[in-house]
Amino acid sequence: MSALAAEAAVLASEGIALPRLPGQRARLRSVPSSGGSRGEQPKDHPLRLGRKTRLRLLKAVRALLADPAIAGQPDVARLASVVLFAKSRAPEGGEDDCVTSTWVAELGRWMGVGESTVHRRGLALLRESDALHTEEVRDRYGYPTGLKCLLMPVWRARHGRAAGHPLALDKAELATLLRLCEALFGPGWAATDKKAATPAGLLAGRRGRGAATDRLGLLLLVLSTPASGWLNLCGGSVRQREGRAAATLARLLSCSPASARKVLARLEADGVLERPRKETSTKMRGKGRVRILPVAHANGRALAAVPAPAPSEEVQGAGSGFSVRPAGAGGDLAPADDLPALGAAGIREVEEAENPEIVGRPAGAEPHTDHARGGSVVDEVEVGGGFSGEADPGYSPSPERVCAGGKPGLDDAAEALCGSSVAGEGPLRGEQPTTPSIPQQQERPSAATGVRPGTGHTTGTTRARLPRRRLVDVEDLRDALGPVSWLWDRLSGWQQRKIETTARTELVRLTGLVLRKEDAPGALAERLEARIAQSGGLVMIREPFAWLLSRGLVQRPACSDTRCDDGIRLDTNEACESCGNVIHIRRAHRARLGAQLDQEQPGLPTAERRQVLEERLREHTEHESETRERRHAAQRAQSERMRTAARERAAREHEEAAAREAARHALPCADCGSKDAAGLCAACSRRRELNSVITEAGMCEVSWTANPNRPDDVATVMDRVRTEILDRVTASVDELRTALEADGVAIADDPSFPDVATSRGLRAAREAAAEYRITALAQLARTRQAQTESRYAYAAEQSRSHHRHAPTGPDTIAAATQAAETARARAAEDLLAQRLERLRTQHTPLATDAERLVDALTRITGGAA
């Protein structure tokens, strides 16, 4: 070994690296542990993952987010699916495989958003895309205490035939993923008798807008970062404005680089990553990298305090609107006492040669405006009772129900899982409270659609999703259904519509029973209050929809009086007299039977007397039942006889009608005498219709061209009109015949041509008759009578009160002109109707009309008339 090699070996053993000489090849060298005085982190640290485990979890998370039912959803829904996946039970062959036990308030703490956001942008959208099935868990009092969730992509992956699916994680891998999520953004839990305290995650204090995106982005960044802490940036060309780091995160989150740049800025402000850049001689920022500080800290990589550089443009846009991670949330993830906190701006990496430097965007690029989040800094997470469902003291949800203001068309599904005071106290991961708690508020969500664990199929019938409404918005039922307002809030949209219909029908019926119409809502409200008292209170009603339909809204008369409801008169609100009579009759029977027994067997002991009396009363009741049954049987028999007689009568009437119809069809034609023509054959029917059309047109022409008192003039006009109409009919049929012959249709061999030609000819005749009528109306509108009516209407309209201020104005003239035209047209119609009536009574068709029509139709249809 040469002296140079020996000296290099000595320096290498001391941790000093020699510069590479020109032409010398790079060789691998051992690097000493960078723990130094700081000490190694525990080997079971949640962020200290092996390469194989890290890639396995990254593949599983990305496969879940890439599922068609989850891809494209908001980040709240995507993060909710990841949390539910990490908290799901491992496949052990039980009925709860792949099921996650949680509730809405707990998911909101995991994701840093409110319960309403979890509903609208999380659970409701996942259920709508069939990515999630849920089932509400209730205690013995009927209150919701938790929520069972089943992710369908995970269930299909674990129970499918494809082996080695990325989502088919075993128990140890699921536990590792859950511990990683807890370390990154877990809400933290207080210590209990059985479990130690779980510290809050790095982003536990990050809430509000963008909290779910930041949590999901940090999880993907940690899973994509090796033990060195330097993020493996993507290759290829990227936009200079956002930079390579934003492009890398954009590919992980499936978002735009601009949005990813904002996420990086917020994470850097929270102190979980840094983006150092190499200084250049031009004082411009050069190549940049990204280092995930928690990963580097967990793997014992050297961190040193260096002067903090000027804040980047992304951080400057955020400002003070972002809160840092709480001091008490570090737990076992916090750095050693002799080092500054991970979130400090002065923590930088000494070793910069482990990752190649990538060119970032120029310093002059203008970022988008960052929005400050509204969450406050929480110094300590302390949950009483050892359960994680308790909300933070510094965080208050919406003052109203969390489902208020939800998106329409999703309300049935979203409001089914609304958080409540009970849901916030339920157990998680198998923990059960020792005593059930009674809620203080009266608003309760409706039960979610049931799902059988392990099957993925809903147990309830799917209803059309209708928007839910508050009872105060239903004005006509507000007073009547006031006692059951809590049950109303537990109904779905479809159930509310059904209850509205039933309640309105009952109110209409009660209107005819009570003394005043306005007393009907009060009577129905009193009935509901009585039914609630009989059921033991609202908390004992587990099925509000069925209870309202079968018990709450139904009248239960105790006697034959229609105004009786459980022995109370609806009109007087007093005891029912008929029920009193029934009770009196029963008591009289009992007294009479007791007197007979005392007469037959005097001195009978009291116990034996009571037994014998009860036996006789039972026999008397059975005898009355038998009598009543015989009476009802007789009534049913009478009804059956009446129905049989009605059926026989209907059958006879049907036979008589059929006989009359057959006789009518057998009648000969009244015009030509053809047999079986039902009184008029088709040819004669067409001839009559054509004659009627021609006669009507001729009379319209006569009404203004000839003197009706001169029969010769009338006959001349009628013949002229008949000839003109027949000529038009012939021309129309000839046009049809020419068109068919041009298309190669054999008209002589086509039996349907006469009917088609007759129909076309009749249509031409009707069009000609309409023209004659229009001409007659136009000519009669010029007569003296019509003109007089026009002048009167013009003057009347002009003298109306609303025209008196401007009788010659343009609006007045236009209205008067319109009234005059209307009056003139109406007068012309009246004149035409009067003259046609006169002509019908005076004019008798000539005897040759029938023969002329037969000849015309024969010529038109080619001899088939």
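A crossing of two helices is called right-handed if the near helix is turned clockwise from the far one by less than a right angle, and left-handed if anticlockwise. The model examined here is predicted.

**Helix packing**

By that convention, H3 passes H5 in a right-handed crossing. The axes of H3 and helix H5 (residues 115-128) lie 8 Å apart, and the two helices pack at an angle of about 70°. Since angles of 65 to 115 degrees count as roughly perpendicular, H3 is roughly perpendicular to H5. On the H3 side, the contact is made by Val76, Ala77, Ala80 and Ser81. H5 contributes Thr117, Val118, Arg121, Gly122 and Leu126.

Ile70 is located in the loop between helix H2 (51-65) and helix H3 (75-86). Is Ile70 buried or exposed? Its relative accessibility is 0%, so Ile70 counts as buried. Leaving aside residues up to four places away in sequence, Ile70 touches Leu64, Leu65, Arg78, Ser81, Leu126, Ala131 and Pro153. Among these partners, Ser81 of H3 and Leu126 of H5 also take part in the helix contact. Pro153 is 83 residues from Ile70 along the chain, yet their C-alpha atoms are separated by 9.0 Å.

**Aromatic pairs**

Three aromatic pairs are found in a search of the whole structure. Two of them are tabulated below.

| Pair | Centre to centre | Angle between planes | Arrangement |
|---|---|---|---|
| Trp110 and Trp189 | 5.7 Å | 55° | tilted |
| Trp494 and Phe545 | 5.6 Å | 50° | tilted |

Trp110 belongs to helix H4 (residues 104-111), whereas Trp189 is in the loop between helix H7 (171-185) and helix H8 (211-223); the pair therefore ties together parts that are 79 residues apart in sequence. Trp110 and Trp189 are both buried. Ring pairs also join Trp110, Phe185 and Trp189 into a cluster.

In the other tabulated pair, Trp494 lies in helix H15 (residues 493-511) and Phe545 in helix H17 (residues 544-552), so parts that are 51 residues apart in sequence are tied together. Trp494 is partly exposed, with a relative accessible area of 24%. Phe545, with a relative accessible area of 17%, is buried, because buried means under 20%.

**Charges over rings**

Arginine side chains also meet tryptophan rings. Arg289 lies over the face of Trp230, at 3.9 Å from the ring centre. The charged end of Arg490 sits over the ring of Trp486, and the distance to the centre of that ring is 5.2 Å.

Definitions and conventions. Residues numbered from 1 in each chain as written. Predicted model: local features only at pLDDT ≥ 70, side-chain atom pairs only at ≥ 80, totals over all residues. Heavy atoms only, no water. Helix = DSSP H or I, 4+ residues; strand = E, 2+ residues; numbered from the N terminus. Buried < 20%, exposed > 50% of the residue type's maximum accessible area, 1.4 Å probe, protein only. Contact = heavy atoms within 4.5 Å. Phe/Tyr/Trp six-rings, centres within 6.5 Å; stacked < 30°, edge-to-face > 60°. Lys NZ or Arg CZ within 6 Å of the ring centre and 35° of its normal. Axes fitted to C-alpha atoms, helices over the stretch in contact; angles between N-to-C directions. Parallel < 35°, antiparallel > 145°, perpendicular 65-115°, else oblique.
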